[in-house]
Amino acid sequence: MIRILIAKPGLDGHDRGAKVIARALRDAGMEVIYTGLRQTPEMIVAAALQEDVDAIGLSILSGAHMTLVPRVLELLRAEGMADVPLFLGGIIPEADAAELLALGVRGVFGPGTNTDDVVAFVRAQAAAT
Amino acid sequence: MTDLVAEALAGRRRALARLLSLVEDDGAEAREALARLCSRTGRAHVIGVTGAPGSGKSTLVAQLAAAYRRRERTVAIVAVDPSSPFSGGALLGDRIRMHGVSADPGVYVRSMASRGSLGGLARSTWDVVQVLDACGYDTILIETVGAGQTEVDIARTAHTTVVIQVPGLGDEVQMLKAGILEIADILVVNKADRQGAERVAAALAASLELANTPADGDGAAWRPPILKTVATTGVGVAELADAAARHLAFLRSSGAMEEREQARMAERLRGVARERLLRLVLANAGPAAIEGLVARLAAREIDLYGAVDELLAAAGMDPASGRRAGVTGEPQRRGDRANG
């Protein structure tokens, strides 16, 4: 069974994108642990660890991705979980996306992404781990 | 292959997380792990929390966990949500209400999908609880799926069952019906700041009055207390934790603990045997025999009971005695003597 964590770090309250993705992954037969809004990087990594997820998806629309995402990656490494794929959704400028991908993020999905693409991506990532 | 059991027992949480996934997915490795952990189980106080969807289970469980942390007990939370009957997927959202405890190293939260089970828990919830118990968590809180009237598996899994009611869900007759209220060791009226909470509490009290508590002079019977809580603010949560502790003390002092343990184990034994036998029968009969029977059933050529006789015979069992049939693979009619 594929288990995925979908979380919203930071302080913005726009969780529609996260809910759409959570629902699409659920309908694709996965177990989605949805943490809801205002998660700290510490809470996200603790949840990923306790739930033994195959991948982590973060939805960020606040513009704080360059602070939050490197912190999550750092905490994952500290827990020995660098092998758990991390992907992002939300509004992330291209230059930032390139930088985050270089830091170890496995995928970045912007507005207008087809949910089928996300499902296929998550399946491939989960199969690879 | 690292030794997950040894690592989990040594307190490594990622090993514990992996072990729980193994147990959820079943299989030989999981069984071996459970066998190794068995002698270390039976120490934790297992508390079940059940109630209708939206009655505040997650919020109350998170508050209870915080209350136990203040009493310096470690806590594991097992939160079950339903799997989709169509996709098999699930959206597990109980952590949304558990922010306060989710990064506390003394609390372990695990979400589980029900994976087709209908009793309010998942098939492997009991096994997951065993692993957490063996790994030293003092209190284990199980949150069931949003339960209606018949999801009573929790009572066979937990020592103490907390049933949550909220104002506005029907009249007193609902409380006389069989099922979920009967399994309560503690009754909670949550959202007690709302209108109608007093009436719900009064109706619960009246329904308990009618209950046939076994008459015994030494006062050894447990009467479920009715507590009022507001889970969002924490009102009444300390009293609930106290009541759960009193219930555990009662179970231990009255001998009810051993009784329940026996009943629990008998139930588990039957359940696991049922599951294993079914799997063996289906595997031994083979997909071709099953397909053939299904086709004949759908064409009304055979009735269900006759089909099961044939299924057992195809699996190499005598349909009447369940003993191994002399001839395997050949369909036999009910009453035929397979062993002559």
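Q: Experimental or predicted?
A: This is a predicted model.

Q: OK. How many residues of chain A are in contact with chain B?
A: On chain A, 27 residues touch 26 residues of chain B.

Q: And how much area do the two chains bury between them?
A: About 2,200 Å², with 48% of it on carbon and sulfur atoms.

Q: Switching to charges. How many salt bridges cross the interface?
A: The rule finds five between chain A and chain B. One of the pairs is B:R14 with A:D83, where the closest N and O atoms are 3.3 Å apart.

Q: Which element of chain A gives the largest share of the side that touches chain B?
A: β2(A), with eight residues. The elements that each supply at least two are α1 (16-27), β2 (31-39) and α2 (41-51).

Q: How do the residues on that side divide by type?
A: There are 13 nonpolar, eight charged and six polar residues on the side of chain A that touches chain B.

Q: Back to β2(A). Does it run parallel or antiparallel to β3 of chain B?
A: Parallel: three bridges join β2(A) to β3 of chain B, residues 90-92.

Q: Which residue in β3(B) is the bridge partner of A:E31?
A: B:A90. A:E31 is also one of the three residues named above for buried area.

Definitions and conventions: Residues numbered from 1 in each chain as written. Chains lettered and ligands numbered in written order. Predicted model: local features only at pLDDT ≥ 70, side-chain atom pairs only at ≥ 80, totals over all residues. Heavy atoms only, no water. Contact = heavy atoms within 4.5 Å. Buried area = accessible area lost by both parts, 1.4 Å probe. Salt bridge = Lys/Arg side-chain N within 4 Å of Asp/Glu carboxyl O. Helix = DSSP H or I, 4+ residues; strand = E, 2+ residues; numbered from the N terminus. Nonpolar A, V, L, I, M, F, W, Y, C, P; charged D, E, K, R; others polar. Pairing = 2+ DSSP bridges.
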